[in-house]
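Here is a short report for a reader new to this structure. Look over the sequence and the 3D view, then read on.

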Amino acid sequence: ARRKAVQSWQGPGRTKDGTAVEILANVQDGAGARAAAQFPAQGVGLFRTELCFLSAQHEPSVAEQASIYGEVLAAFPGQKVVIRTLDAGSDKPVPFVAHPDEENPALGVRGIRLGNADQGLLERQLDAVALAAEQQGVTAAKVMAPMVATIDEARNFAAACRSRKLSPGLMVEVPSVALLADAFLAEVDFMSIGTNDLTQYTMAADRMAPSLAALTDPWQPAVLHLIRLAAMAGASAQKPVGVCGEAAADPLLACILVGLGLTSLSMAPNAVAAVGLQLESVTLEQCQRAAVAVLRCTTARAARATARELLS
Ligand code: PEP
Ligand code: MG
């Protein structure tokens with residue numbers, strides 16, 4: 001019966017008492033976006049552009065890039081689409097990007113840091129997004145930067161976006177951003193928490209290492225407290241702050257995230273219905289109470305058990 005209910009969930013995302021929560025899809029290219037549009041997602045919360053180029057030997061021209069980004073915009077006409085600039089480096093090397101040999105690639109030159117060596121790469125990508133948006137009739141297309149760690153990075157990125165009439169956002173993946181969330185959010189229009197990297201960097205544990213799974217667990221209390229800081233910044237600035245890491249695909253954790261005040265959840269398309277259904281089974285107040293109780297827990301195990309007890 002549950003399986004049937006999941007299959008027939010149609011959205012839009014909301015709690016039992018009707019509080020709206022955007023339920024969005026993570027996609028990696030035009031085909032992926034068209035496939036995601038078959039699921040009851042309300043848009044795209046994370047378009048990982050680097051995944052379009054994992055085998056590209058040469059940087060695609062602005063026009064070529066615009067055609068790819070345009071496909072994703074076209075798959076969700078009139079709906080929210082958040083395009084992330086290249087998160088090349090670390091686990092996602094892109095052939096046309098010069099990646100130096102690094103001792104610790106996850107702590108090295110990746111994401112927004114690529115701009116230190118070649119600001120042109122970001123400039124051309126933003127030109128391509130602006131062109132795609134114009135071709136698709138999208139105003140103030142949403143663009144966000146990965147791996148931001150400093151206010152200067154946020155400020156420079158926001159200025160580059162605004163000069164092209166794009167709406168800038170930041171990913172919260174480095175603890176420094178969560179800790180100073182108010183200051184970072186003041187620079188941009190929205191933020192999206194990448195729980196995969198935020199957990200990796202908070203717990204100092206490689207997200208690719210199966211033997212460290214107990215550490216790379218978004219239920220770790222320290223991670224949840226950082227998420228709370230970002231959520232509170234969003235509430236006080238009245239700007240959207242969502243989650244686009246794997247944590248959003250865990251139906252119980254999704255309820256906790258909503259209880260913390262996050263306004264959107266973006267996930268693999270096949271997780272959308274299960275999360276939507278779970279959210280509809282609980283009230284906002286239940287989520288808020290559960291979030292308070294979970295934040296008192298000092299282990300991931302206790303946090304999970306507490307959520308399960310209060311929400312299912
Ligand atoms: C994340 O880090 O949680 C995230 C969504 O980005 P990626 O998984 O692409 O690093
Ligand atoms: Mg990430």
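## Around ligand 1

The shell around ligand 1 holds 2 nonpolar, 4 polar and 4 charged residues. Here Ala, Val, Leu, Ile, Met, Phe, Trp, Tyr, Cys and Pro count as nonpolar, Asp, Glu, Lys and Arg as charged, and the others, Gly among them, as polar. The shell is made of Leu 46, Arg 48, Asp 87, Glu 173, Gly 194, Thr 195, Asn 196, Asp 197, Cys 244 and Gly 245. Each has its C-beta atom, placed from the backbone, within 6 Å of the ligand. Strand E2 (43-48) and H8 are the elements that give two or more residues to this shell. H8 supplies the largest share, 3 residues. Helices (H or I, at least four residues) and strands (E, at least two) are DSSP runs, numbered from the N terminus.

This is a predicted model: local features need pLDDT of at least 70, side-chain atom pairs count only at pLDDT 80 or more, and totals for chains, interfaces and linings use all residues. Residues are numbered from 1 along each chain as its sequence is written, while chains are lettered from A and ligands numbered from 1 in the order in which they are written.

## The annotated site

An unreviewed UniProt entry places the feature "binding site" at Arg 48, Arg 84, Asn 196, Asp 197 and Arg 207. Such annotations may be inferred rather than shown by experiment; feature names are shortened, and positions follow the numbering used here.

Are they buried or exposed? Asp 197 is buried, because 24 other C-beta atoms lie within 10 Å. Asn 196 has 17 C-beta neighbours inside 10 Å, so it counts as partly exposed. The cut-offs are 20 or more other C-beta atoms within 10 Å for buried, 12 or fewer for exposed, and partly exposed in between, with C-beta atoms placed from the backbone. Leaving aside neighbours within four places in sequence, Asn 196 is in contact (C-beta atoms, placed from the backbone, within 7 Å) with Arg 207, Gly 245 and Glu 246.

## A covered helix

Helix H10 (residues 251-259) is mostly covered, with 8 of its 9 residues buried. Among them are Leu 253, Ile 256 and Leu 257. The cover includes helix H9 (221-237), strand E7 (241-243) and helix H13 (300-311). Just after H10, Gly 261 takes a positive phi of about 110°.

Terms used:
Contact = placed C-beta atoms within 7 Å.
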